[in-house]
Amino acid sequence: MKLTVLGARGSIPVDGPEFTIYGGGTSAYLLEVADQTIFLDAGSGLMNAPEHMDGQISILLTHPHLDHLMGLCFFRHLFVAGKVVTIYGAGREIGDVQQQVDHLFAPPLWPVMVESFPADLRFSDVKETFFLGEVRVDSMEAVHPGGCTVFRISYGGKSLVYATDFEHSGDLEKRLADFAKGCDLLIYDGQYFEEEYPPRAGYGHSTPETGLRIMEEAGAGRLLLTHHDPRHTDEMLAKRERELQALCLDAAYAKRLQVIEI
Ligand SMILES: [Zn+2]
Ligand SMILES: [Zn+2]
C-alpha cells in the first residue's frame, strides 16, 4: 500500500508561508493498493492528485461536509471522457451519496452538476464490508454532526484506518480501538490541541492525545494525525509534534505530499 497525503487541513483551506510544511488543502488522501486507485475524501487537496492515472478510480467519502467534497468540482479526472470514477458514501439525512453531491454541486451554489463532466461518474452506497477488487473495505459510523464514516482498508495482511471528523465521546473511543485492532496505520482526527478541546466539545473533532490512547489500545503500528485546525501554523504543529514524539516516536502530523509505504 502506498499512501500520499494530498490534503490534511481541517474545515477550510488555508494559504501562506506559515502553512507550507503541513499544507493548506483540505482532506484528501491517495491510496494505491494492489491494482486499485482509491481516494479518501475529496477535499481541496484533490488538486494535488497526479495528472495521469490508469484504470478506474474509487473515492471513499467519509461525509458530505464542504471541506471533504469541495475538491470534486476541479478533480482533473472528471474531465477525462469515459474515465470511470465511483464515489462511495453512506446515506445521510439529505439522501444517498449521489443526492449529497448533487446538493452541493448545483446552481446557485455551483454552476454545473458534476455529472455533466465527461467522466463516467458512478455512485455506490457504503456497506459494512465491501471489496474493491481484492481490497477489503470495512466501515463504522463515528459521532460527528450529520454523521461520518470511518474506513478500514485491508490487503495482503496490511491495513490502514481512516478516522477523520471523529469525536471521542461515550464508548466510541473503545469501539474505534476495536475496529482498528492491529492496523498498521491509524489516520486520526487531531484537530484540537488538548487545552483547546473543552470549549469545542460537540463540534465533532478530537485531540492528538486521544489518538495516542486509541493507537495504544488498538496496537496500531503508526499514528498519523489529520484535519489540522486552520489556525495551527507549521511552527505550532512542529512544536506539538516534537512533544508528542517524546511520548511516542510513531506519532506524527500528516505533512503535505508526504508518502507513506505500508
Ligand atoms: Zn472536516
Ligand atoms: Zn465534518
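Guide: Two strands pair if DSSP finds at least two bridges between them, where strands (E, at least two residues) and helices (H or I, at least four) are DSSP runs numbered from the N terminus. Here strand S8 (residues 135-142) and strand S9 (residues 148-155) pair in the antiparallel sense over 7 bridges, and within that pairing Met140 stands opposite Val150 of S9. This is a predicted model, in which local features need pLDDT of at least 70, side-chain atom pairs count only at pLDDT 80 or more, and totals for chains, interfaces and linings use all residues. Residues are numbered from 1 along each chain as its sequence is written, while chains are lettered from A and ligands numbered from 1 in the order in which they are written.

Visitor: How many helices and strands are there in the chain, and in what order do the strands of the open sheet that holds S8 and S9 stand?

Guide: The chain has 5 helices and 14 strands. The sheet with S8 and S9 is open, has 7 strands in the order S7-S8-S9-S10-S11-S12-S13, and is mixed in its pairing. Strand S7 (129-132) and strand S13 (251-253) each have a single partner strand, so one side of each is left without a neighbour in the sheet.

Visitor: What is the order of the strands in the open sheet that contains S6 and S14, and which strands are at its edges?

Guide: That open sheet also has mixed pairing, and its 7 strands follow the order S6-S5-S4-S3-S2-S1-S14. Strand S6 (120-125) and strand S14 (259-261) are the edge strands, each pairing on one side only. With axes taken as lines fitted to C-alpha atoms (for helices over the stretch in contact) and angles running from 0 to 180 degrees between N-to-C directions, neighbouring strands of this sheet are turned by 20° against each other on average, direction ignored. Helix H2 (residues 97-104) lies across strand S5 (84-89) and S6, and runs at about 105° to S5.

Visitor: In what sense does S3 pair with S2 and with S4?

Guide: Strand S2 (residues 28-33) runs antiparallel to S3, and 5 bridges join them; the bridge partner of Val33 in S3 is Gln36. The hairpin of S2 and S3 has 2 residues between the strands, and there Ala34 takes a positive phi near 50°. On the S4 side, strand S3 (residues 36-40) pairs with strand S4 (residues 57-60) in the parallel sense over 4 bridges. Along that pairing Thr37 has Ile57 as its bridge partner, Ile38 stands opposite Ser58, and Phe39 is partnered by Ile59. S4 also runs parallel to S5, joined by 4 bridges, with Val85 of S5 as the bridge partner of Ile57.

Visitor: Which residues are buried on the two faces of S3?

Guide: A residue is buried if 20 or more other C-beta atoms lie within 10 Å of its own, exposed if 12 or fewer, and partly exposed in between, with C-beta atoms placed from the backbone. In S3, 5 of its 5 residues are buried, with Gln36, Ile38 and Leu40 on one side and Thr37 and Phe39 on the other. In S4, Ile57 and Ile59 point one way, Ser58 and Leu60 point the other way, and all are buried. Across the chain, 47% of the 262 residues count as buried.

Visitor: Which residues of helix H3 are buried, and against what do they pack?

Guide: Leu172, Leu176 and Phe179 are buried in helix H3 (residues 172-179). The buried residues of H3 pack against S8, S9, strand S10 (158-163) and helix H4 (208-218), and contact here requires C-beta atoms, placed from the backbone, to lie within 7 Å.

Visitor: Which residues touch the most other members of the largest nonpolar core?

Guide: In soluble globular proteins, nonpolar side chains tend to be buried together. A nonpolar core is a set of buried Ala, Val, Leu, Ile, Met, Phe, Trp, Tyr and Cys residues joined through C-beta atoms within 7 Å. In the largest one, of 72 residues, Phe39, Val161, Ala163 and Leu186 touch the most other members. Leaving aside neighbours within four places in sequence, Val161 is in contact with Val150, Arg152, Phe179, Ala180, Cys183, Leu186 and Ile187.

Technical notes
Contact = placed C-beta atoms within 7 Å.
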